[in-house]
Amino acid sequence: MVLLGRAAETKRLDALVARVQERGGALAVRGAAGIGKSALVAHAVARASAAGLRVLTTTGVECETHLPYAGLQQLLYPIRADVELIAPRQQEALRTALSGADSAAPDVFLVALAVLNLVAEAAERAPVLLVAEDSHWLDPSTSHVLGFVARRLESEPIVLLATARDGASSWLDDAELPELALSPLSGAAAEALLRRHAPDLEPASRARLLAEAAGNPLALTELPRAAADSARGGAALPSWLPLTVRLERAFTARLSGLPPATRTLLQVAALNDSVSLAETAAAARSVSGDRAGTADPAGSADLEPAVAAGLIDVDRGELRFRHPLMRSAIHQSMTRPERHAAHRALAVVLDGQADRRVWHRAAATSLPDESVASELQAAAVRAERRGGIGAAVAALDHAARLSEDPSLRADRLLRAAHLAVELGSREVVTQLLDEAAQLDLSAQQRARVVWLRGSFDEGLHSRSTDTRDLAGLAERVAAAGDRDLAVRILWSAAQRCFWSEPGAGTRLYVVSVAEGLALDDHDPWLLAILAYAAPVERGAVVIERLGRLVPSQGHDARTDRLLGTGALMVGSFDLARRFSGAAVTGLRVQGRLGLLARSLGATAWSAAQLGDLSAAIPAAEESCRLGHETTQPYLYALIRSIEAVIGALRGDPDRVRELTAEAERVGLAIAARPVLARAQLARGMAALGGGLFGEAFSHLRRLHDPVDPCFELALRCYTVGDLVDAAVHCGRDGEIRDVMREMEAAGLRTPSPALHAGLRFARALLAEDTRAEELFLTALNADLTSWPFIRARTQLAYGEWLRRQRRAADSRGHLRAARETFDALGTRPWSDRARQELRASGESSGRRGPDARDRLTPQELQIAQMAAEGLTNREIGQKLYLSHRTVSSHLHRIFPKLGITSRSGLGPALGTGS
């Protein structure tokens with residue numbers, strides 16, 4: 001192990017291993033090729049083993065990146081028998097991912113949860129060190145799983161240690177692990193290492209090698225040997241070559257001195273996507289033409305020279321290169337015929353392993369070959385079924401390159417691009433679509449190109465196609481007979497109506513195309529499109545049809561998500577909560593975290609609008625966390641703005657300022673109206689709750705100005721009461737008559753519960769004294785069972801009006817009821833206003849004390865709520881994608897915060913039980 005000059009790095013690794021008994025952690029070690037990453041890992045493994053830790057390792061190999069979960073198979077092999085200890089659905093997902101069992105395609109996050117719990121079960125017996133070497137070469141599926149696990153190592157006795165080469169991108173980068181950057185060795189350490197490996201060097205040669213090695217440990221150990229070999233051969237390695245290339249040349253030079261049979265074995269091993277010695281030996285014999293040789297089937301005698309030269313290690317039937325540069329050096333030194341021959345031989349040996357075999361067949365093929373392309377397409381289907389989306393994209397991309405038929409090539413490129421959208425790979429999508437666009441595409445294929453180009457980030461990033469063009473494209477695709485594609489294109493257009501403001505004409509065009517598709521009246525896609533494109537004009541249709549669907553059963557989670565988001569757009573927040581809640585339940589089970597983040601966001605927004613902060617707070621926090629984890633930056637910004645609204649309702653102006661600034665950094669760059677509008681609403685509500693009515697009016701008025709970037713058609717319908725409340729209190733009610741006329745007109749077209757609740761409240765606030773009481777009573781007599789916040793605000797406003805009419809005794813009952821509701825909801829600013837009015841009416845009112853929402857973090861509140869409902873730690877962990885041990889740790893922090901000692905006290909502490 002090369003550890004000279006690494007005292008600080010080894011100390012940090014030792015501390016990481018030592019703390020595993022208390023809590024888990026993760027660390028990424030980065031450095032240039034040969035800088036000593038493997039030596040540090042070996043040191044950590046030795047320390048972990050000495051401390052009684054279980055060590056599970058995997059190593060990324062460049063030629064294995066196309067095999068889904070290849071790295072995960074290697075990592076979990078020692079604990080594969082423990083799979084019986086995890087939940088049945090997780091068992092099924094993991095077995096499907098690792099073995100390709102014939103089952104429904106598991107989401108990668110469900111596989112990741114299974115891995116987290118499987119490793120956590122192993123950690124119950126002994127702390128675990130997970131090692132991922134050369135993580136930049138791990139397959140994408142394994143990287144996603146390890147990133148998921150790394151983000152959740154807060155209470156587990158599990159440590160993840162990953163290494164990666166500087167400048168090499170890795171799917172694990174998204175996990176944002178803390179990093180240990182390895183710099184070159186100091187001059188003294190480099191000289192000491194060189195003396196250890198080449199004690200007899202002349203001073204001049206020593207100085208030259210120290211300068212050329214530049215503190216790289218591998219160079220300090222390999223270049224002296226290469227220099228000696230070159231000197232014996234009468235040649236020298238050119239000093240002007242980059243260090244990595246010089247090292248590869250050094251390894252190649254060693255290869256040239258080996259016997260032909262040994263060179264063949266190493267060449268095959270360099271291309272094999274397995275460490276199996278038996279496979280490599282069999283393929284090498286095939287390359288050499290020695291099919292009859294059986295005296296030494298493993299090729300042991302042929303391997304001895306390579307082992308003696310320090311190029312490989314052979315142990316228990318496995319052949320491993322001493323350093324990844326050796327593998328790449330051998331690969332680079334091979335001629336194309338040599339590479340093709342080795343791949344063909346491996347394909348023959350792997351006749352019973354379809355996925356690996358076809359990749360070797362493809363690598364041995366330079367010209368188009370439809371038989372290989374078809375096999376690659378079949379491999380992509382199998383990879384997708386296992387949840388290996390990255391591998392499926394790679395297989396389809398390669399299949400396209402080998403396709404003889406241009407139409408098939410286009411289809412494969414477009415299918416790869418579609419999957420790459422799901423993977424979140426913008427650059428890959430763009431590259432694939434650019435390639436497809438150069439072909440002679442059919443009308444349907446051109447439509448798919450246009451649609452896929454706008455599939456990222458709700459089409460806000462490139463804006464290559466506007467909303468009307470998308471709707472027109474959908475109409476043409478439907479006319480050509482592909483209604484399913486037309487619906488999806490139209491859904492993209494409808495989402496653009498939410499994220500931007502295309503104008504009334506374009507919105508109604510989207511509606512006309514949707515209604516011309518002859519879909520079932522209750523089709524969830526149709527209802528969602530109508531709600532997004534025309535929340536006012538088609539609000540009545542959507543609400544009426546959604547009402548019929550509420551009692552029905554059997555919707556799948558994606559359907560429930562569409563219906564929930566449609567209800568949200570038309571202001572039916574009670575229905576939105578029901579549908580989104582059902583979607584959340586189903587998506588949790590399926591492990592579809594990307595869609596789960598969206599449904600949780602819908603739940604948070606509807607709960608916040610209804611005033612149920614106990615539900616809104618944890619839903620928004622989890623949605624935000626999952627939005628970040630699943631790489632949905634615009635959703636993340638939207639949820640940040642929703643969290644700002646929640647902060648305003650709770651009376652936390654500092655948090656409002658922080659969250660609105662963060663949301664607007666994203667929203668302003670892309671003119672994302674929903675983000676900007678909710679950030680502005682948060683500022684307005686914070687000012688309104690704090691009694692800064694003039695400031696509140698200025699913020700809220702922007703939501704109703706069509707030329708303002710904060711204008712959003714649906715949101716303004718739900719905030720008319722807030723605007724009027726601010727205007728009346730600052731004496732500017734005359735400035736909003738036009739807004740009221742527009743909202744009253746909208747109320748004639750849609751039965752939106754949110755709009756009509758706001759209008760009733762606004763009418764009472766604006767009324768002359770002779771009509772005010774009648775309108776307040778009309779507002780309070782409406783069915784507001786599911787709308788406690790607007791009811792309490794109406795009671796507060798009515799109490800204020802009664803007191804101004806010198807009817808203090810009559811006002812107190814309404815003010816008291818308002819105060820109690822605000823206290824229960826946790827809307828502190830409005831509680832304070834109700835108390836002030838009560839004192840002014842002659843009744844004292846004690847201050848509200850902190851409750852669970854104030855004492856707990858959002859995730860702690862969520863866990864406490866689930867535990868209070870009777871869920872076990874394991875059940876909570878499965879729902880929240882945490883291990884049961886992490887849930888237990890949270891509960892141990894929750895109990896003292898709430899002043900309780902057991903789960904039985906959670907209900908009373910949360911106000912949900914006796």
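This is a predicted model: local features need pLDDT of at least 70, side-chain atom pairs count only at pLDDT 80 or more; totals for chains, interfaces and linings use all residues.
The largest cavity has a volume of about 330 Å³, and of the 22 residues that line the largest cavity, I noted Phe 498, Tyr 532, Thr 565, Leu 568 and Leu 638 as the closest to its centre. I then looked up which elements give two or more residues to this lining, and found α23 (483–499), α27 (557–569), α29, α31 (633–650) and α35 (713–718). Of these, α29 gives the most to the lining of the largest cavity, namely five residues. By class I sorted the lining of the largest cavity into 14 nonpolar, five polar and three charged residues.

Next I turned to the second largest cavity, which holds about 260 Å³ of space and is lined by 18 residues, with Gln 609, Tyr 718, Asp 722, Phe 789 and Arg 793 lying nearest its centre. At least two lining residues come from each of α29, α31, α33, α36 (720–729), α38 (753–766) and α40 (788–804), and the largest share, four residues, belongs to α38. The lining of the second largest cavity divides into 13 nonpolar, three polar and two charged residues.

For the open spaces I looked up the second largest pocket, in which about 400 Å³ of space lies. It is lined by 18 residues, and those closest to its centre are Val 584, Arg 588, Thr 603, Gln 862 and Met 866. I recorded α28 (573–590), α29 (593–610), α30 (613–629) and α44 (858–868) as each supplying at least two residues of the lining of this pocket. Classing the lining of the second largest pocket gave me seven nonpolar, six polar and five charged residues.

**A helix pair**

Lastly I examined helix α33 (residues 673–689) against helix α34 (residues 693–701), which pack at an angle of about 165 degrees with their axes 8 Å apart. The two helices, α33 and α34, are therefore roughly antiparallel to each other, and I noted that α33 passes α34 in a left-handed crossing. Listing the contact, I found that Gln 680, Leu 681, Arg 683, Gly 684, Ala 687 and Leu 688 in α33 meet Phe 693, Glu 695, Ala 696, His 699 and Leu 700 in α34. The residues of this contact of α33 with α34 divide into six nonpolar, three polar and two charged.

Key
Residues are numbered from 1 along each chain as its sequence is written. Side-chain values use heavy atoms; hydrogens and water are left out. On a 1 Å grid over the protein atoms alone, a cavity is a set of points where a 1.4 Å probe fits but cannot get out, and a pocket is an open set with protein on both sides within 12 Å along at least five of seven lines; lining residues have an atom within 4 Å of a point. Grid points are joined across faces, edges and corners, and a volume is the space filled by probe spheres set on the points. Ala, Val, Leu, Ile, Met, Phe, Trp, Tyr, Cys and Pro count as nonpolar, Asp, Glu, Lys and Arg as charged, and the others, Gly among them, as polar. Axes are lines fitted to C-alpha atoms, for helices over the stretch in contact, and angles run from 0 to 180 degrees between N-to-C directions. Angles under 35 degrees count as roughly parallel, over 145 as roughly antiparallel, 65 to 115 as roughly perpendicular and the rest as oblique. A crossing is left-handed if the near helix is turned anticlockwise from the far one by less than a right angle, and right-handed if clockwise. Contact means heavy atoms within 4.5 Å.
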